[in-house]
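Take a walk through this predicted model. We begin with charged pairs and then turn to the nonpolar residues.

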Amino acid sequence: MSYIEKSLGADERVVAVARYHWLYKFGAILLLFTIIGIFASISMMIRASTTEIGVTTHRFIKKTGWLSLSTNEIALQNIEGARVQQSILGRIFDYGHVIIEGTGVDAVTTPMIADPIGFRRAIETAK
């Protein structure tokens, strides 16, 4: 069971879950072909498998960590805006970053996720 599912409150359900884009994992595999890249590749794959990003009916959640745990949670009513950043390649391959800005908290930036526009839409719909 994921962290997001474990942390759901009463009458709360998951609206959307973000996933790393396949190019992120492809880059990690390409790094395996270099000596230094082996360590970077392992680090990237651990980061991808231990990060959870989701939107529930009440909040946005970003959880990172394997041995230690770090979370960023923003109640939906406290989200002032969600912005999408995509490069040219991001527009072509449909990946990018979503920056969520809330009242009283620092902005939370997602890693390179697939379909960032759809994830932003899910945040706005949940609000």
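Start with the salt bridges: the count comes to four. Side chains of opposite charge can pair when their charged atoms come close. Three of these pairs are worth a visit.

First, find Glu 12. It forms a salt bridge with Arg 59, and the closest N and O atoms are 2.8 Å apart. Glu 12 sits in the loop between α1 (3–6) and β1, while Arg 59 belongs to strand β3 (residues 59–64), so the pair ties together parts that are 47 residues apart in sequence. Both Glu 12 and Arg 59 are buried.

Stay on Arg 59. Its side chain also meets that of Glu 73 in a salt bridge, at 2.5 Å from N to O. This pair, too, links distant parts of the chain: Glu 73 lies in strand β4 (residues 70–75), Arg 59 in strand β3, and they are 14 residues apart.

Arg 59 has 13% and is buried, because buried means under 20%.

Now move to Glu 101 and Arg 83. Their side chains meet in a salt bridge of 3.2 Å, N to O. Glu 101 is in strand β6 and Arg 83 in strand β5, so this bridge ties together parts 18 residues apart in sequence. Glu 101 is partly exposed, at 30% relative accessible area. Arg 83 is also partly exposed, at 41%.

Step back to the shared partners. Glu 12, Arg 59 and Glu 73 are joined into one network by their salt bridges.

Next, the nonpolar side. In soluble globular proteins, nonpolar side chains tend to be buried together. Which residues touch the most other members of the largest nonpolar core? They are Val 55, Phe 60, Ile 79, Val 98, Ile 100, Phe 119 and Ile 123, out of 17 residues in that core. The biggest share comes from α5, with four residues.

Leaving aside residues up to four places away in sequence, Ile 123 touches Val 55, Phe 60, Ile 79, Val 98 and Ile 100.

Notes. Residues numbered from 1 in each chain as written. Predicted model: local features only at pLDDT ≥ 70, side-chain atom pairs only at ≥ 80, totals over all residues. Heavy atoms only, no water. Core = buried A, V, L, I, M, F, W, Y, C linked by side-chain atoms within 4.5 Å. Buried < 20%, exposed > 50% of the residue type's maximum accessible area, 1.4 Å probe, protein only. Helix = DSSP H or I, 4+ residues; strand = E, 2+ residues; numbered from the N terminus. Contact = heavy atoms within 4.5 Å.
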